[in-house]
Amino acid sequence: MTKEFIKGVASVLSVAILAGGVCGVGYCSRGNSGKWFENITKPAEWSWSKDKPQSGDNIDTPPEEHNTFDGLELSNSIDSNGVSLFSAVIAREEYAAYGITPYADTAYTLTATVLPAEATNKAVDYTVAWKNPNSSWASGKNVTEYVNVAQTSDGSLTATATCFKPFGEPIVITCTSRDNPSAQSYVNSNYVKRLINTTLALGNGVVLNGDNSSVFTWYADSDKVLNDYNDIYSIGTKEDNVVNHYVSITTSTALRTQLAKVWTSTTDRNAYTATRTYKTPYGMRYGLCWNDLFDPGGVVNGFGEIEGLFSFCSDEIDYGEYEINKTQFNKLITCLKASDVDFIMTVKSELASGAEYSKTYNVNVADSVLKIGVTSVGTNVGEIDF
């Protein structure tokens, strides 16, 4: 190997190392805009890894309940003297990428724009505060336990706003120019009241009330099932409201196992594995009675043409009119009595905001109300002559 070849290799390596060093310094000294070497004279502001927003020092505590709606709502930016804010919701599946606790309620990205575009010092500071710190709800409470704003880096134009739990006083997020403190932008933050439970009366004082670890008793001779909803909301600064209630009733695995012993035909098997869903527009008083589960498909108290879960026990007389086949009905009663959980009931509510809340319960029909029906009447007397 000649000395000239060794010197050539050494020269190439030197150039590669130098180029790599320049690239590394350029990348690490990039500014908020992403431009390399923007902070070349400010080593303290250099970043040696991809910047990620932080979620603050709040303790990770799982929420008591979640539905499909994120409660924090930011208003449009209100600007003053050349600073404006843009916000965008962060999807829950992206929380980890932003360093946000998975137990956060809601999170937004915030991006400030400073004018003029050629301003030398674009550094800003974000702050959060109660709109009225002396209100009866906010007094004595630390605002950052509810909403925290973390900038991507010191003075950066970008930040994340994370909501940890519901709050009852509006919160103001302010972005202020370091170069000109009178140049500000701020957004009002509200918490839309979240539906945290919908209870449903089963009759005889029994209520599906959010505790789905129990088996609830349905007294099937009672009048109403699908009414007397009670909607319970979280703390918040803005109202939401229910527009529709639903209840879905599905035969349980235990009941299907019992039914399979007495009904072996394909038709019967398909019938009793079905689910029926009933919708009640908010404010209306449709009531689903036990007998409606035997309807062969007529009009059910305003719900429309819904075939009952146990329609295979019914013989249709005319459209919307039917009678229960006692032989089939008695087989069903025997199966219900042998099952500890007869139904899986899901109560769902739809809200004006687009949110949904639902919960599923185990329900058993009380054996005391299950009466074997008479199938025939006969005597052991053949003929009587008078």
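Select Arg-194 first: at 4% relative accessibility, Arg-194 counts as buried, where buried means under 20% relative accessible area, exposed over 50%, and partly exposed in between (1.4 Å probe, protein chains only). The model is a predicted one, in which local features need pLDDT of at least 70 and side-chain atom pairs count only at pLDDT 80 or more, while totals for chains, interfaces and linings use all residues. Residues are numbered from 1 along each chain as its sequence is written, and side-chain values use heavy atoms, with hydrogens and water left out.

Asp-105 sits in the loop between strand 3 (83-89) and strand 4 (106-114), and Arg-194 in the loop between strand 9 (184-191) and strand 10, 89 residues apart. Helices (H or I, at least four residues) and strands (E, at least two) are DSSP runs, numbered from the N terminus. Asp-105 is likewise buried, at 4% relative accessibility.

Next, select Lys-193 and Glu-239. Their closest N and O atoms are 2.8 Å apart, and the two residues form a salt bridge. Is Glu-239 buried or exposed? Glu-239 is exposed, with a relative accessible area of 59%, while Lys-193 is partly exposed at 21%.

Move on to Arg-276 and Glu-307, whose side chains meet in a salt bridge (4.0 Å, N to O). Arg-276 belongs to strand 15 (residues 275-281) and Glu-307 to the loop between strand 15 and strand 16 (314-318), so the pair ties together parts that are 31 residues apart in sequence. Arg-276 counts as buried at 12% relative accessibility, whereas Glu-307 is partly exposed at 40%. Then select Asp-125, Asp-154 and Arg-178, which salt bridges with shared partners join into one network. The structure holds 5 salt bridges.

Turn now to the interior. In soluble globular proteins, nonpolar side chains tend to be buried together. A nonpolar core is a set of buried Ala, Val, Leu, Ile, Met, Phe, Trp, Tyr and Cys residues joined through side-chain atoms within 4.5 Å. The largest one here has 38 residues; those with the most contacts inside it include Leu-208, Trp-218 and Val-363. Which element supplies the largest share of this core? Helix 4 does, with 5 residues. Select Val-363 and look beyond its neighbours within four places in sequence: its contacts (heavy atoms within 4.5 Å) include Leu-202, Val-215 and Phe-343. Apart from this core lies another, of 28 residues, among them Tyr-146 and Cys-163.

Select helix 2, where Leu-255, Gln-258 and Leu-259 are buried. These residues cover an arc of only 100° around the axis, which puts them on the same side of helix 2; the arc is that of the directions from the helix axis to the C-beta atoms. On the other side of helix 2, Thr-253 and Lys-261 are exposed.

Finally, select Thr-162 in strand 7 (residues 158-163). Thr-162 is buried, with a relative accessible area of 0%. Leaving aside neighbours within four places in sequence, Thr-162 is in contact with residues including Ile-100, Thr-106 and Asn-148.
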